[in-house]
Amino acid sequence: MSTSTTAFAQSTPNLPPFPPNSPAEWVCAESPPPPSPQAITAWCTANPDRGKHALFDSQPAEMSSLEAKNRFDFSLRTFLRERTYRSLGWVADHDWRLTGPYTGDFPNGKSYGVHPAVRVWYSPEVVDWLCDGRNGALADGAMIVKEMRSIDPQALHIDQNAQCLVIRQPAVAIEPSSWTVMYKQNGATHDGWYWANPTASGEGNPPILTSSAVTDPAFFGPDPNRPANDPCWYPTGDLFTNTACEQPGKPSGQKLADVVTPYSLFGAYCMNCHASAEKEMTFASLDNVLTSGLLYKHFSAPVTPVSTIGQLGMLSLRGRGFDDRAGAEHIDAHNTRAGETMLRDAQRQAWAFSQPLPHPAPRFAASFGALGPDDFAAAWRFHLPAESFDHRSAGALKPGLFLTSDQCQGCHDATVSNDAAPNMLIDDPETGNSVNVSMYGEWRASPMGLAGRDPVFFSQLQSETNRLPKLTECVENTCLHCHGAMGQRQLAIDTQKADARCKDLFAVAPPPEVPFGDPFRLGMVTRYQASDDPHGYGNLARDGISCTVCHRIDKTALGKESGFTGNWVAGPDDKLFGPFDDVIVDPMKHALGVTPEHGEQIKSSDLCGSCHNILLPVLDNDGRPHSVHVPGGGSVTSTYEQTTHLEWTNSVFARGATFQSCQDCHMPGHYKSMSLAGTKIANIESEDFAPTTHRLPDEAITLKAREDYARHSLHGLNVFLNEMFQQFPLLLGVRQIDYMGATTTQPALITAAESMLRMARHESADIAIKDVHRTDDRFTATVHVTNKTGHFLPSGVGFRRLFIEFIAEDSRGRPIWASGRTDALGFLLDGLSDHRLPTENGVAQRDYQPHYQRITHSNQVQIYQELIKDSEGFLTTSFLRRVQTVKDNRLRPRGFDPKLFLDSPSPYIRLLGEVEGEAAHDPHYTDPTLTGSDEVRYEVRLPPGEIARIARVRATLYSQSIPPFYLQQRFADAKVGPGQSDEIQRLYYLTSHLNAGQGTRIENWKLPLVMAAAPVR
């Protein structure tokens, strides 16, 4: 919780104003003094009978053992609903109590406690431990059961006008609506607790069912293997359940939970508060048993604060709308009509996720082949496991090198703990929407967060292995070295051997610290249960380029070729590296057994180079090594497939006063016009929370405001990928609504899409038109394009392309001549016709559009791209059969000098100094004073009558991250070699149903970057 000094008005005359920065003042003077040690000893002596131990038929289990987990969760829920802990004679708190102060009038005020009204019950093991002064370790089977119910002054007999809130209803007369439970199982995880959050009534979570983590056995209808798509499945996640969902042409249904956050789990989000306890992750105290415990005040409602630059995490007066946790923790399970209205409005307006096409796009099969599947039911067999299963908690003896992102989420998301606005939740300065700029929130929706589920990558990988089947296991292992980094690396650690297969695919020997073992296979990525993935490698791989990839990377070998292609060196299991040298360490140590420490490398572009320089073998179509001549002499059989980091090193952004690191652009310290300086980077139980017992000292939990806060937006221009996850979340297994945030927070996929659009329009390129002239039968104009990035544009995988659409139009905007138009599927057309350019066919194609300095015909288009041919002379988008580069006119970054690469001692880097194709004759690609831009001259002859009608010319720069020719090659590859096709068919369904229609972000299968217009006089 974060607070800020502001003005407050009283809603009730006798209530004092709320002092947000002074939690000590939240405690009533009437609170009973804590019992003395003598009183505690006397009570413990007088109460040797502390009840019976709880007995269960089974023990808690991880998500990877879903049947066993559900079995225990049902057993625990029955134990609670039957109040078995009471019949066992357990010790309980003296009274029901609040966990923090309340502001404003009931029931519409705000609670600043982390739970509502509570009463805690303690198993005999816990009472023994408390009587022993909280010394030693808690025994297996120890349980802490927290009864909870909403703060209802009538039901609890609270005097609403009193300045000190006291629950006067006798404890025996109050029944809970939900519980939070801590169940001790030493050896299971570092903290040793199974956290549970059952409700007093209703079904769902438990159980968690199927690989899509649903809670209703009837979720998929009569045929779970071929379900019909249902609007009531969306948005995916567990929020908004039990609310009405709209179905076109049908009566309103009920939103169903899917891709749920488990309410019961080892390594649950509860740790974000409990890690601030002195020991054993609990604040439990006999103070609450012997007395009524701390009492909290009732304050008047604060005036709505105004957010200003640098003042983030203000006290939130936005209603949470309705019970967004369905009674699981904060309030009772009730959803109001107003809440349902809020949901519908949110879905219709700012939160409107892009919706897929109900049927394949027109002409899709004619353009790309009838590969199928054509409907959701048929595509369902290709769905990915829900991210709910991407779970690995810290081990008991040592944390393990890799933990999944959900172990970081509780603290590093914009986690709602009470009615105060969490850190990293801001108000959009333009729309007023609540926006989550937390590390977890933005990373989760970034291409890095989605890398382990990227359907384009999976399709590419299957295409490669169909073409080169003898190399399948090593190709998969090498490519998943980055995209499935945690799963691949963990398998290598577990099976490490000196003679490991696949190591020889790396032309430059990796550092000796990088482990190699059994190859990691693509099929492992879809495994999620212990029965077929006992070590959880698939669960790790699907979590993408996760927190414990980047924050584990040691400085060893960074920036060296040996460390490229995913061969980064990991630091020790018990340390994480971050950018700050003044961090609090105890909460993370308590929760995970990991110590955060300063690592300067986390701010270095060389860290990014570990995976953004990819050196791969060059193979002919039969899988044999192909020799490539190197400038200066010699030859090699590997070349760089992508070089985004090396491109940056050869730009003005890597040196001098113009220096900007990768992080400076892709992890900005601002959101739109708002500086994020002063943001705190976590949400834990800090000194800003209501006072409680047995919490760490304030200095150990006080978060610092960070002036150099860095967003984890981590994206480029791949809006197509973002759209796939918006439109097909259940097929791809992602949760669209973040459980840790409030229902009023803009979803991360929407924030990411908008952020990509801003980058596209303002940070990628500029375009201008100059020297516009016309004569009787001719007009001319020069288009000048500037690359504003620190690398090639486009960069990364070679199949991406940018192109210029140039149109001459009359005074009414009607086109007269054009170059670079597309149809609805993104194919480039010949001028104003509907005829696709012959060079747009991606299969068995040898011809292509060269780099132009002068365009004279409408069938010529300036396309910025890299083109490579295979050993048979056909253009290929393979990452391995890259025999001859015939064109690379991607826009160079400012200051690019081919000589810098040509002078490198590395033969692989020297190859990058060669400018391929017609661009070699263009000084904008060879002269360092001109690189970073390009000019193309349009010289067009037309009949004089048409020339006279031209009133203006317009040039637009577009991006296609998955061009049509790329898809044609992928789908064709489903039928070659062994004909493995599940990954390729998944991509076929997604792209055939991807909505790129009018009004979408990718209308006509292209992303607009910048546009310029000029009059023709």
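Which cysteine does a disulfide join to Cys474? The legends below cover this pair and other links in a predicted model, in which local features need pLDDT of at least 70, side-chain atom pairs count only at pLDDT 80 or more, and totals for chains, interfaces and linings use all residues. Residues are numbered from 1 along each chain as its sequence is written, and side-chain values use heavy atoms, with hydrogens and water left out.

**View A. Disulfide of Cys474 and Cys502.** The partner of Cys474 is Cys502, with an S to S distance of 2.1 Å; a disulfide is a pair of cysteine sulfur atoms within 2.5 Å. The torsion about the S-S bond is about -80°, so this disulfide is left-handed. Cys474 lies in helix 14 (residues 472-483) and Cys502 in the loop between helix 15 (485-494) and helix 16, so the pair ties together parts 28 residues apart in sequence. Helices (H or I, at least four residues) and strands (E, at least two) are DSSP runs, numbered from the N terminus. Cys474 is buried at 11% relative accessible area, and Cys502 is buried at 3%. Buried means under 20% relative accessible area, exposed over 50%, and partly exposed in between (1.4 Å probe, protein chains only).

**View B. Disulfide of Cys28 and Cys164.** The sulfur atoms are 2.2 Å apart, and the link is right-handed, with 115° about the S-S bond. Cys28 lies in the segment before helix 1 (37-46) and Cys164 in strand 6 (residues 164-165), so parts 136 residues apart in sequence are tied together. The search of the whole structure finds 3 disulfides.

View C. Cys408 is buried, with a relative accessible area of 13%.

**View D. Salt bridge of Glu280 and Lys184.** The side chains meet at 2.7 Å, N to O; a salt bridge is a side-chain nitrogen of Lys or Arg within 4 Å of a carboxyl oxygen of Asp or Glu. Glu280 is in the loop between helix 6 (271-274) and helix 7 (287-290), and Lys184 is in strand 7 (residues 178-184), 96 residues apart. Glu280 is buried at 17% relative accessible area, as is Lys184 at 2%. The model has 50 salt bridges by this rule.

**View E. Salt bridge of Arg941 and Asp777.** The closest N and O atoms are 3.3 Å apart. Arg941 is exposed, with a relative accessible area of 57%, while Asp777 is partly exposed, at 30%.
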